[in-house]
Amino acid sequence: MAELPAKSVDLIFADPPYNLQLAQALHRPEGGEVDAVNDAWDKFDSFASYDDFTRRWLAEAHRILKDDGTIWTIGSYHNIFRVGTALQDMGFWVLNDIVWRKANPMPNFKGTRFTNAHETLIWCAKSDTARYKFNYQAMKALNEELQMRSDWLLPICTGGERIKVDGIKAHPTQKPEALLYRVLLACTEPGDIVLDPFFGTGTTGAVAKLLGRHWIGIEREAKYVAVAERRIAELLPLSGGDMAVTQSKRAAPRVAFGALVETGLIRPGAMLTDARRRHRARVRPDGSLEMGETAGSIHQCGAAAQNAPSCNGWTFWLVEEGMVPLETLREKYRASA
């Protein structure tokens, strides 16, 4: 980080070591060992040494971040409060704390505590007077014209998205692409420079490449670098999981069309059409549609196409390639969540 010019990056996403302080192996009720974080890069001698490490990289972060840029840091209860204190001490201005609520968290096998079902992200501007970027309308469109809240329900990495080497997880704390998709779409524009100082297996770089952002990744572990380089070069699509038994419409959880876009079930630029191929619309990165001079949600564009007061976009639109109904993809998303 010290080699980068001052005020040279638009956004920093930092997933630093959590300093989990694991003293012994964790086991499941049947005796199997939990694949927990016990790597050397997550171990610190004391809270003081962790705080020193945190302040050193945050000082460089503040130096290289543009005046209108923002920084996102993520952590668990083990470290996020210490990181938050350092952020404020460094002069960063907290804009939001975001709760990433995991749709499929690991249970507490010992039954001695509440299940840790979330992680916290802290979103900061460089100062209290900074004119930072926030794509409010894009976030609203991603959430079907409702304001995006500060609690995000997203699944952890499983199935095809979880990168493995010889059948073993390539990285113990790989973040889901959907999380980075939302962060980058909220605070950057195409062509912006995104820095991840703890690059791991390259989730930030993969999503940045997908969205047309430039990226810089810093990673000291050679085994993660190799995985990240291969992953970004290939840009593997996400897997939505297996189909599940269809639920009743009333019982099924609400799904925003933008969730399908940010998890990769539908890619930006995909063309939608109706069953009789009379109308066509292009999917935009924020989950809205573009249909000639008309832009809006899947429901608004469906209504405009039929010159009708309203429309259920889930049943009206199909993905042109393969003629896959949006309703089918919605059920696929529900099955994976």
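Cys 301 has 0% relative accessibility, so Cys 301 counts as buried (under 20% relative accessible area with a 1.4 Å probe, protein chains only; over 50% is exposed, in between partly exposed). This is a predicted model, where local features need pLDDT of at least 70, side-chain atom pairs count only at pLDDT 80 or more, and totals for chains, interfaces and linings use all residues. Residues are numbered from 1 along each chain as its sequence is written, and side-chain values use heavy atoms, without hydrogens and water.

**Cysteines**

A disulfide is a covalent bond between the sulfur atoms of two cysteines. Here the rule asks for a pair of cysteine sulfur atoms within 2.5 Å. The count comes to 0 disulfides. The closest cysteine sulfur to that of Cys 301 is in Cys 311, 9.6 Å away, which is too far for a bond. Cys 124 is buried too, because its relative accessibility is 0%.

**Helix α8**

Helices (H or I, at least four residues) and strands (E, at least two) are DSSP runs, numbered from the N terminus. Helix α8 covers residues 298-306, and its buried residues include Ile 298 and Cys 301.

| Element | Residues |
|---|---|
| α7 | 257-262 |
| β12 | 289-291 |
| β13 | 294-296 |
| α9 | 313-316 |
| α10 | 326-336 |

Just after α8, Asn 307 takes a positive phi of about 55°.

**The sheet**

Strands pair if DSSP finds at least two bridges between them. An open sheet of 7 strands runs β5-β3-β4-β2-β1-β8-β9, with mixed pairing. Its edge strands are β5 (151-154) and β9 (214-217). Strands β3 (residues 93-102) and β4 (residues 118-125) run antiparallel, joined by 8 bridges. Asn 96 stands opposite Trp 123 in β4.

Definitions and conventions:
Contact = heavy atoms within 4.5 Å.
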